[in-house]
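Hello,

Here is the structure I said I would pass on. Please open it first, then read my notes below.

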Amino acid sequence: MWASAVLLVLLGSFGANALDNGLARTPPMGWLAWERFRCNVNCTADPKNCVSEKLFMEMADRLVEDGYKDAGYEYVNIDDCWMAKQRDANNKLYADPERFPSGIKGLADYIHSKGLKLGIYTAYGNFTCQGYPASGMHLELDAQTFAEWGVDMLKMDGCKQMDRHTMKKGYPQMTKYLNATGRPILFSCSWPDYERGAGIPINYTLVAENCNIWRNYVDIQDSWQSVLSIIDYYAKEQDTLVPVAGPGNFNDPDMLIIGDFSLSVEQAKAQMAMWAILAAPLLMSNDLRTITPEYRDILLNKDVIAISQDNAGIMGKRVLQKSGVDIWRKRLQHPIDLVDALVFLNANSTPMNVTVTLNDVGIESAALGYAMQDLFSGKTIYLGQMTEQTYHLTPWSVLMYWIYTSS
Ligand code: GLA
């Protein structure tokens, strides 16, 4: 009661035009088509993998039947290339009728019948990144159309809007139109990434007032190198990015590529651990119909998900670099005695050993010492805050712990 009153005051203080949807209190979880399925629109040649309602329905079925929904994954998100090549006679967007015979409304009904939510994609500017019609001149109409269809999340891209300076006006306009629909629609903005690319200073206060999640950096690709370069960006920018994250607002380092072609099992654990510690959206882009059990288990690791979904919504930080290992810490909110999550990341192609005390990584003040649970092996160790411990890391791997005072 008290908490919701505070929330209302906080939301109200952003003013009438700010994002007012109460969503993304913890980082959103779900599935997003782009990285794995791209703009494959050839359903004749590739009916199983083309961007079509069938693809999204099949992923929704897998989310429900294979335990992902129970673990918290709830959004099924369409990306680029869903639209017909033109708007209709009333200027409305509509889905390619061959690939989406039920229309987006029909697809939304299906997704909702499974207890899931539907996300859709548009762009600021006249065309999407792949050249399909986008929202440029029709922000208000499109916001209304998405709400009518029962859409629950909107990603608004912007690569064809060449004047990036207009984004700090255009995105907040869309926020206003989304709010005006009265339907809670989680808003995912690409705006800061485009400003970054153009060398325009990013006003993150404005971004957080208008977006639930936002891309900061380049697109993820299916490679370990890409994962590492993204982590590196968030480490370098952490002093700017950590303060703007919190319930309702999260930095988005892009999709999880766990279960795709490139990451080993250890590298997949590393992406999962790092995205959890960063309080990043957990939007998988993979083929849930063919993923193998060892990758599925990583995506369903309930302890790692609990770190990601901690109610305080704090984004973790890199707190120490030592002996070739990066140590990240995320503060947690927990009713009684839970303190922190730690990730040890070895980004090297050789094994590394690092010796630290918990005190070295900024964890203090527990007279009775700590219990540390390894979130991938389940093993628990007990330590005093000043006790040195050596952590052994295989090449390209992480160790992830959840740490609580032992009482
Ligand atoms: C941009 C975005 C990607 C994806 C593609 C679609 O590159 O950053 O996430 O949406 O466009 O064309």
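Helix 3 and helix 5 run roughly parallel to each other, because an angle under 35 degrees between axes counts as roughly parallel. Please keep in mind that this is a predicted model.

Two packed helices are described by the angle between their axes and the distance between the axes. Here, the axes of helix 3 (residues 53–65) and helix 5 (residues 103–113) cross at roughly 10 degrees and come within 10 Å.

Which residues make the contact? From helix 3 they are Glu53, Phe56, Met57, Ala60 and Asp61. Helix 5 supplies Gly103, Leu107, Tyr110 and Ile111. Sorted by class, the contact between the two helices has six nonpolar residues, one polar and two charged.

The other part to look at is the ligand. Around the ligand you will find Trp34, Asp79, Asp80, Tyr121, Cys129, Gln130, Lys155, Asp157, Arg215 and Asp219. By class, this shell divides into six charged residues, three nonpolar and one polar.

The side chain of Asp79 has an N or O atom 2.6 Å from an oxygen atom of the ligand. For Asp219, a side-chain N or O atom is likewise 2.6 Å from a ligand oxygen atom. In Gln130, a polar side-chain atom lies 3.2 Å from an oxygen atom of the ligand.

How much of the ligand does the protein bury? Taken alone, the ligand exposes 310 Å², and the protein buries 92% of that.

Regards

Note on methods
Residues numbered from 1 in each chain as written. Predicted model: local features only at pLDDT ≥ 70, side-chain atom pairs only at ≥ 80, totals over all residues. Heavy atoms only, no water. Near = heavy atom within 4 Å. Polar contact = N/O pair within 3.5 Å; in protein donor to acceptor, adjacent residues only side chain to side chain. Areas by Shrake-Rupley, 256 points an atom, 1.4 Å probe, with all protein chains shown as cover. Nonpolar A, V, L, I, M, F, W, Y, C, P; charged D, E, K, R; others polar. Axes fitted to C-alpha atoms, helices over the stretch in contact; angles between N-to-C directions. Helix = DSSP H or I, 4+ residues; strand = E, 2+ residues; numbered from the N terminus. Parallel < 35°, antiparallel > 145°, perpendicular 65-115°, else oblique. Contact = heavy atoms within 4.5 Å.
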